[in-house]
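Reader: Please walk me through this fold. I would like to hear what stands behind each label.

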Amino acid sequence: MTLPSPAYEFQHLFHTRRTILQRFLLLPDGEARNLYRYTLGLAAREPRRRMKVHAAVQMSNHTHEVVFDRKGRDADYRSHKNSVLARALNTLRRIKGRVFDTPTRRDREVLLDRAAVLAAIVYTFCNPVRAGICDWPDEWPGVLGDWRRVLSIPIVASRPTFFFDQRDPDQGGAPLQVRFYLTKPPAFKDLTKSQYERLVREAVKAECLRIHAERSAPVLGVRRALQIPWDHVPAVQDREIKRDIYHFTGDPELVKRLLLEWMIFVGHYLAVRDRWMRGEREGVVFPPGTNRYRHRERAPTARLDPDSPYAAFHT
């Protein structure tokens with residue numbers, strides 16, 4: 001059984017999703033690139049979720065996203081987006097079966113301070129550079145936005161000609177186009193647009209130069225990378241097992257506190273859920289961070305302690 005994880009409001013999050021067997025099903029050729037952007041834009045702007053996207057990259061066998069979840073609906077957002085993307089990819093590739101690997105706790109990380117948010121954004125932009133595909137992020141077609149002007153370039157995707165309802169939007173069909181911008185994280189609300197763009201630009205440039213200096217093998221090249229068949233299965237299955245669930249959190253004491261809070265949440269949640277499923281209602285209050293029972297069954301939920309690390313960006 002997968003243990004539950006809390007979904008608090010007002011959280012910066014780092015998402016990862018990998019294809020099964022790391023097949024190159026997400027290879028960002030023309031149609032798959034447009035599909036990912038269209039699906040991401042639709043899921044993020046859905047009124048019940050209203051996710052803010054700060055950075056995203058589509059690699060051939062996985063995606064990374066840095067988002068802000070204001071309403072605590074992250075689980076619904078990921079479930080909906082990944083389900084639609086998987087079914088649409090099956091249609092595009094003319095295959096059947098699972099697209100994504102079994103999710104783990106490492107697929108979702110809460111970013112609890114400015115340093116962690118910036119590190120996750122830089123990590124996302126620099127992913128194709130780190131993979132040895134190119135020298136700069138903008139060379140890879142799977143990178144959303146422009147790292148040099150991160151808030152200024154619109155991301156536009158047209159409705160794919162497959163899977164989605166092709167009727168006119170006024171008659172219930174899917175939108176003809178999705179257009180959105182990467183946004184400034186609330187963690188940096190004190191910075192102006194130009195200050196934030198400069199911060200990201202300098203951090204991404206410094207990381208790319210560091211990768212260049214440490215690189216020991218020649219760059220593969222974008223053209224060669226895009227010529228690899230989408231049904232390719234890498235000989236070495238690299239799942240980044242060494243990446244901790246709090247990879248971007250630099251304070252070890254904070255990590256210990258987060259793990260302790262998670263263990264307390266799991267114990268409280270499972271005990272209350274058992275009472276709820278037995279039909280008990282009087283005095284049953286779920287812990288803060290409960291997603292399913294709070295939103296789907298309107299179950300009473302406790303408020304988050306203002307001293308909790310997860311309350312850092314509550315407004």
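**Sheet and helices**

Author: Strand E1 (residues 11-18) and E4 run antiparallel and are joined by four bridges. Within that pairing, His-12 stands opposite Leu-111 in E4. The model is predicted: local features need pLDDT of at least 70, side-chain atom pairs pLDDT 80 or more, while totals for chains, interfaces and linings use all residues. Numbering starts from 1 along each chain as its sequence is written, and side-chain values use heavy atoms, without hydrogens and water.

Reader: Why are E1 and E4 said to pair?

Author: Two strands pair if DSSP finds at least two bridges between them. E1 and E4 have four, so they pair. Strands here are DSSP runs of E with at least two residues; helices are runs of H or I with at least four.

Reader: What makes E2 and strand E4 (108-111) the edge strands?

Author: The open sheet has the order E2-E3-E1-E4, with antiparallel pairing. E2 and E4 each pair on one side only.

Reader: Which strands does helix H3 (residues 114-125) touch?

Author: H3 packs on the sheet and touches E1, E2, E3 and E4. Contact means heavy atoms within 4.5 Å.

Reader: How do you know that the span of helix H1 (residues 30-45) is close to the expected one?

Author: The expected span is 1.5 Å times one less than the number of residues. H1 has 16 residues, so 22 Å is expected; from first C-alpha to last, H1 reaches 23 Å.

Reader: What covers the buried residues of H1?

Author: Buried means under 20% relative accessible area, exposed over 50%, partly exposed in between (1.4 Å probe, protein chains only). The buried residues of H1 include Leu-35, Tyr-36 and Arg-37. Among their cover are strand E3 (62-69) and helix H2 (74-93).

How values were computed:
Axes fitted to C-alpha atoms, helices over the stretch in contact; angles between N-to-C directions.
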